[in-house]
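Reader: Before I set anything up with this one, could you walk me through the fold, the helix packing and the aromatic rings?
Author: Gladly; here is the entry to look at while we talk.

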Amino acid sequence: MSPQSSEASALRELKEIIQKQKLEINALKSALNEKQSSITNKSQPHVHGHGAPTQEEDPNLYLSSPFYRIALQRVGWLALFLCSLSLTAVIMNGFEHTLSRQIELAYFVPLLAGHGGNTGGQTVGSVLSAMSSGSVTTQDALQIIKKEAMSGMLVGLLLGSLVGSLAHFVGGISSHVSTVVFCTLPLLSTIAATLASSIPFVCKMVGLDPAIIAAPAMTTFVDVSGLLSYFLIANQIFQWYGLEL
């Protein structure tokens with residue numbers, strides 16, 4: 001075979017290789033474009049109900065909105081939830097006799113309220129982040145709520161065991177009050193995680209902005225339900241211990 005024919009053959013092979021690589025690159029580009037398009041479509045928020053798009057649906061609107069518009073959008077809901085939080089005062093007043101007999105119960109009211117808010121805050125932040133990225137939709141609500149509720153229960157059991165033991169053996173708190181704290185934390189954590197994972201989906205379904213409503217609604221409901229659960233559990237456990245109330 002002459003040198004010229006060898007060079008021509010090598011050139012043809014090189015052209016074929018280049019052509020194959022070009023086809024592969026085009027196929028990869030096409031697949032990548034399809035994937036990006038599907039992600040974009042999935043992450044685009046859908047408007048439920050009527051009304052103008054919310055700040056969550058238009059991130060640029062939040063950046064350009066003046067402070068007074070943001071305040072006016074939030075103050076109505078915050079006022080409503082502030083009124084709802086007044087129920088905690090009603091609950092405290094209703095169990096005033098129990099508190100007067102067992103003053104140690106009052107020591108843990110701020111702790112339980114803070115824990116409920118922290119648990120719910122973590123959950124609602126995770127759910128809102130997943131919803132805004134498009135990784136979950138309202139169709140995934142039941143799965144997410146169940147998972148978060150189980151997670152909250154486990155967290156409550158672990159922390160209840162720790163706090164109850166420390167309160168009794170280190171802090172010198174009576175055994176019956178330590179038992180109340182131990183029993184309340186799992187229930188409180190479950191309530192907080194369940195409500196915090198449910199409220200964003202409910203807001204989305206009815207066309208409200210979960211970014212504005214979910215966190216304060218969660219805090220209000222958790223504080224009221226957690227405090228009520230605390231005193232109801234306390235009354236039951238004190239009866240088991242044979243204490244007069």
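Author: What follows goes from the overall fold to helix packing, then to one serine and the aromatic rings.

Reader: What should I know about the model and the numbering?
Author: This is a predicted model, in which local features need pLDDT of at least 70 and side-chain atom pairs count only at pLDDT 80 or more, while totals for chains, interfaces and linings use all residues. Residues are numbered from 1 along each chain as its sequence is written, and side-chain values use heavy atoms, with hydrogens and water left out.

Reader: How many helices and strands does the protein chain have?
Author: The protein chain has nine helices and zero strands, where helices (H or I, at least four residues) and strands (E, at least two) are DSSP runs numbered from the N terminus.

Reader: And what share of the residues is buried?
Author: Of its 245 residues, 34% count as buried, meaning under 20% relative accessible area, with exposed being over 50% and partly exposed in between (1.4 Å probe, protein chains only).

Reader: Ok, α7. What span does it have, against what is expected?
Author: Helix α7, residues 141-169, has 29 residues and reaches 41 Å from its first C-alpha to its last, close to the 42 Å expected at 1.5 Å a residue; the expected span is 1.5 Å times one less than the number of residues.

Reader: Which residues of α7 are buried, and what covers them?
Author: The buried residues of α7 include G152, G156, G160 and G164, along with E148, and what covers the buried residues of α7 includes α6 (109-133) and α8 (175-205).

Reader: At what angle do α7 and α8 pack?
Author: The angle between α7 and α8 is about 160°, with their axes 7 Å apart; axes are lines fitted to C-alpha atoms, for helices over the stretch in contact, and angles run from 0 to 180 degrees between N-to-C directions. That makes α7 roughly antiparallel to α8, a label used for angles over 145 degrees.

Reader: What about α6, which helices do its buried residues pack against?
Author: The buried residues of α6 pack against α5 (104-107), α7, α8 and α9 (210-240). Among those buried residues are H115, G116, T119 and G120, and just after α6, G134 takes a positive phi of about 85°.

Reader: Switching topic: where does S175 lie, and what is it in contact with?
Author: S175 lies in helix α8 and counts as partly exposed at 32% relative accessibility. Leaving aside neighbours within four places in sequence, S175 is in contact with H168 and Y241, contact meaning heavy atoms within 4.5 Å.

Reader: Now the rings, how many aromatic pairs are there?
Author: A search of the whole structure finds four aromatic pairs, where rings of Phe, Tyr and Trp (its six-membered ring) pair if their centres lie within 6.5 Å, and planes under 30 degrees apart count as stacked, over 60 as edge-to-face and the rest as tilted. One of them is W77 with F81, which is stacked at 6.1 Å centre to centre and 25° between the planes.

Reader: What about Y230 and F231?
Author: Y230 and F231 form a tilted pair, 5.4 Å centre to centre with 50° between the planes. Both Y230 and F231 are buried, and together with F95 they form one aromatic cluster.

Terms used
Angles under 35 degrees count as roughly parallel, over 145 as roughly antiparallel, 65 to 115 as roughly perpendicular and the rest as oblique.
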